[in-house]
Amino acid sequence: MDKIITVKNLVKKFGAFTANDHLTFDVYRGEIFGFLGANGAGKTTAIRILCGLSTPTSGDIKIAGYDIYRETEKIKKNIGYMSQKFSLYEDLTVSENIRLYAGIYGIPSKKAKEKEAELLEKLEMESARKKLISGLPLGWKQKLAFSVAIFHEPKIVFLDEPTGGVDPVTRRKFWDLIYEASNNGITVFVTTHYMDEAEYCNRVSIMDAGKIEALDTPGKLKEKYNANNMDEVFLKIAR
Amino acid sequence: MKQLKSFIRKEFYHIFRDPRTIMVLFFIPIAQLLIFGTVIKNEIQDIHIAIYDQAKDETTQKITNKILSSGYFILEKNLENINDIESVFRLGKVKEVIVFESDFGEKLTKEGKANVQLIADASDPNMARLAISYTSGIINDYVKKMHPNLQLPMQLEPEVRMYFNEEMKSAYMFVPGVMALILMLISAMMTSISITREKELGTMEILLVSPLRPMQIIIGKVLPYLLLSIANAFVIVLMGRFVFGVPILGSFTLLMLETILFIAMALCLGIFISTVAKSQMTAMFISMIVLMLPTILLSGFIYPIENMPEVLQVVSHIMPARYFISIIRAIMLKGTGILFVWQETAVLIGMTLFFIALSVKKFKIRLE
Amino acid sequence: MIEIKNISKSYNDIQALKEISLSVEKGELFGLIGPDGAGKTTLMRILMTLLLPDSGEAKMNELDVVKDFKKIRHIVGYMPGRFSLYQDLSVEENLHFFATVFGTTIEENYDLIRDIYYQIEPFKTRRAGKLSGGMKQKLALSCALIHKPKILILDEPTTGVDAVSRKEFWEMLKALQQKGITILVSTPYMDEASLCDRVALIQKGTILDVDSPSRITEKFPRKIIQVHSEDMFRLIQDLRSFPKAESVFAFGQFVHFTGVNDEVEISELDKFLTERKHTDVIVEEIHPGIEDVFMSLQSL
């Protein structure tokens with residue numbers, strides 16, 4: 001399988017504090033990769049580096065084949081990002097939000113128009129095309145946010161705690177979309193501290209105090225730590 | 001009482017632990033005072049003038065010399081015709097024209113009054129106003145010295161009447177204005193921000209479900225800022241006195257009492273704002289737009305109210321700072337007592353009561 | 001201890017609570033389980049006397065939430081959804097402040113909070129804003145307990161907190177329950193339901209069910225089949241195309257399958273999937289969890 005993200009000995013220091021201590025891992029094309037850790041474990045720092053928003057102190061990192069030090073602009077074109085807190089402008093309509101993202105990523109307007117129609121049909125949201133985001137149900141917002149994040153067909157999409165607090169059915173429908181994206185070859189990089197979200201990933205890494213303490217499929221981790229669920233795995237690692 | 005005390009102590013912790021609050025409270029007042037004190041110069045220099053002397057006698061000659069030797073004015077031209085006045089203004093260089101009537105000296109000695117016209121270019125009203133007050137000051141001064149027995153001072157007929165504002169003679173008009181501005185800023189803005197901050201943080205929820213009464217919360221919020229504002233008022237008055245030489249002719253006690261009244265008004269206004277605003281941002285915005293700017297622009301602080309378009313003059317009546325500034329100017333610069341400022345004082349008291357009533361009514365014991 | 005009768009509440013045109021009735025016994029650890037926007041916070045705020053219901057009534061320890069709001073505020077401890085302490089005050093100053101506000105002292109009620117507070121006591125001079133998530137939560141709980149309340153109302157105390165702290169927090173709640181405090185806690189995490197004595201499943205302002213967590217799952221009549229294969233996306237698509245499928249949803253590494261009637265046999269599914277070249281296939285019947293129940297009630 002092709003490696004889409006390769007991280008070798010990533011170190012990030014803030015003064016005397018080491019936020020990321022020699023992280024080494026690979027993520028494969030089309031994989032759903034869970035990046036877990038408690039608050040303050042160093043997740044956010046690492047994500048910022050992988051998105052090209054911050055440079056590491058040292059380490060070899062390639063994202064979608066591009067070098068993290070020299071080719072951040074190319075990296076940004078090839079990644080998408082969605083966070084639970086913010087992704088869509090609440091005071092713009094569905095269509096305006098889509099067009100905005102299309103514009104930002106330089107998608108020609110004719111193509112954007114076609115893709116927009118296609119997308120809204122798939123999400124069964126044609127009726128909401130001219131409605132403001134603020135008036136939509138949470139489930140719709142989330143699906144739309146994800147779709148917008150992969151609108152420019154990125155190679156990797158970063159999701160930050162995508163499904164915290166939603167009802168179980170909406171959450172499943174959201175994961176359906178993620179599985180579909182993954183099936184289409186988009187790599188999905190999920191950061192979360194909700195362990196039940198981790199259960200859905202192909203592989204997960206667990207960070208604690210700046211280091212990756214475990215990296216495997218949820219099933220193997222549960223086996224290894226003799227745990228019933230990811231929560232217990234996490235407890236055993238973090239304690 | 002113990003609850004209140006601990007609430008107030010908490011408020012002081014907030015204030016002293018936030019560098020931004022400290023900045024606003026202690027450095028901005030001083031900085032503003034220094035900025036206004038030095039930038040808004042109420043002094044003039046090298047103003048180009050023209051003189052149309054119809055008398056050309058000894059007196060007018062002496063007055064002219066006096067004016068020119070003051071260092072403020074430079075004589076651009078002597079005019080020979082009344083029609084030249086307009087054209088000389090059009091050229092732009094000359095900012096003021098002094099017109100002496102014919103037989104000026106003779107009339108002055110015989111009748112005890114004579115006419116001099118001061119005409120100023122109103123395109124820069126501030127400057128025009130100053131030029132005129134300086135000129136008339138010099139002329140008055142001269143006449144008084146020459147004719148000490150004269151009962152009536154020489155009558156001046158400045159064309160730009162609206163600029164004639166006797167109080168404006170002082171070079172330190174800004175101190176009362178800065179005081180009004182700073183007290184408004186600290187009292188209204190800081191209280192409204194500190195209350196809305198609790199709403200934003202969610203701590204208001206906890207305070208509301210605690211046995212604290214709304215009145216205790218309000219007093220607890222207001223008292224620290226009242227004390228700090230009074231301290232600030234002291235600093236401003238003292239700086240005005242010792243750095244800029246602004247006198248305090250009237251009663252210091254009265255000055256302070258009026259100041260406390262104004263602070264109380266501003267605090268109540270701040271609480272009122274906080275009952276309307278949901279976030280710190282909104283509170284700040286309202287304070288800035290609704291309080292700060294009008295206080296600067298419409299209260300007579302920088303622009304004399306008499307100069308404003310009529311609509312704005314009407315609007316200026318709802319500016320609390322307008323009354324405060326006029327009270328403070330009267331007490332500090334004219335030395336008047338309460339008898340002369342009771343109307344303004346009454347207006348301020350009325351406003352205070354109005355906002356107290358409004359705030360208490362709007363302060364909610366619940367979240368809706 | 002808590003009696004809620006036909007409470008309704010609307011914001012503008014959105015109805016947040018629809019005729020909710022509920023009762024919580026003395027000494028119970030009661031959970032309100034539901035997603036964001038279900039109405040949990042609104043209900044708690046009404047109980048805390050912070051909001052007025054549009055209709056219906058509620059009593060806390062026999063006190064009416066509208067009329068006796070002052071008395072209620074003395075006997076209830078409350079922890080709102082967000083971390084609601086003063087970030088710029090130290091741990092000790094926060095606790096001291098809330099103690100004085102409630103007319104008491106730390107010493108007077110130290111017994112109650114000792115087990116919680118001793119864990120953060122080493123950091124008592126640290127500003128609350130500089131504490132970790134778990135420690136903030138312990139401080140908030142200490143502050144909510146400082147006046148020895150009879151009832152404790154906690155709005156999503158474990159949201160945004162890591163797994164370790166969550167576990168510790170529930171242990172603390174159990175200990176408080178031992179001391180006779182009635183606890184009403186809300187959470188969006190279905191898996192936390194099993195930690196409560198009884199739970200109410202709440203969705204869009206209505207209560208789906210109220211019972212003990214074990215009873216809720218036991219009385220669930222449907223048969224749930226858990227399925228696994230290597231290719232998740234294809235598995236879901238294929239199972240949904242299965243003629244007798246009613247609902248097919250991912251549950252972590254598995255898919256939970258419910259048939260139109262409960263006659264779908266495991267062997268049937270196994271055969272169906274093997275025909276479609278799925279590898280590593282696991283098909284087994286399982287006991288439903290709270291989440292399965294919630295989802296089935298929700299779609300009604």
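Predicted model: local features only at pLDDT ≥ 70, side-chain atom pairs only at ≥ 80, totals over all residues.

Reply: A:His22 belongs to strand 2 of chain A, residues 17–28. Its phi is positive, about 50°, although A:His22 is not a glycine. Most residues other than glycine have a negative phi.

Chain C has a case of this kind in C:Glu19, a non-glycine residue with a positive phi near 45°. C:Glu19 lies in strand 2 of chain C and is partly exposed because 14 C-beta neighbours fall inside 10 Å.

The sheet around that strand is open, with 4 strands of chain C in the order 2-1-4-5 and antiparallel pairing. Strand 2 (14–24) and strand 5 (63–64) of chain C each have a single partner strand, so these edge strands each have one side without a neighbour in the sheet. At the strand 5 end, strand 4 (residues 55–60) of chain C pairs with strand 5 of chain C through 2 antiparallel bridges. There, C:Lys59 is opposite C:Asp64 of strand 5.

On the domain level, chain C splits into domain 1 (2–216) and domain 2 (224–298). Their centres, taken over C-alpha atoms, are 38 Å apart. Domain 1 of chain C puts 9 residues into the contact and domain 2 of chain C puts in 6. On the domain 1 side, strand 9 (198–203), strand 10 (206–211) and helix 7 (213–218) of chain C each contribute at least two residues. By class, that side of domain 1 of chain C has 6 nonpolar, 2 polar and 1 charged residues.

Conventions. Residues numbered from 1 in each chain as written. Chains lettered and ligands numbered in written order. Pairing = 2+ DSSP bridges. Domains from an automatic or database assignment. Contact = placed C-beta atoms within 7 Å. Nonpolar A, V, L, I, M, F, W, Y, C, P; charged D, E, K, R; others polar. Buried ≥ 20, exposed ≤ 12 C-beta atoms within 10 Å, placed from the backbone.
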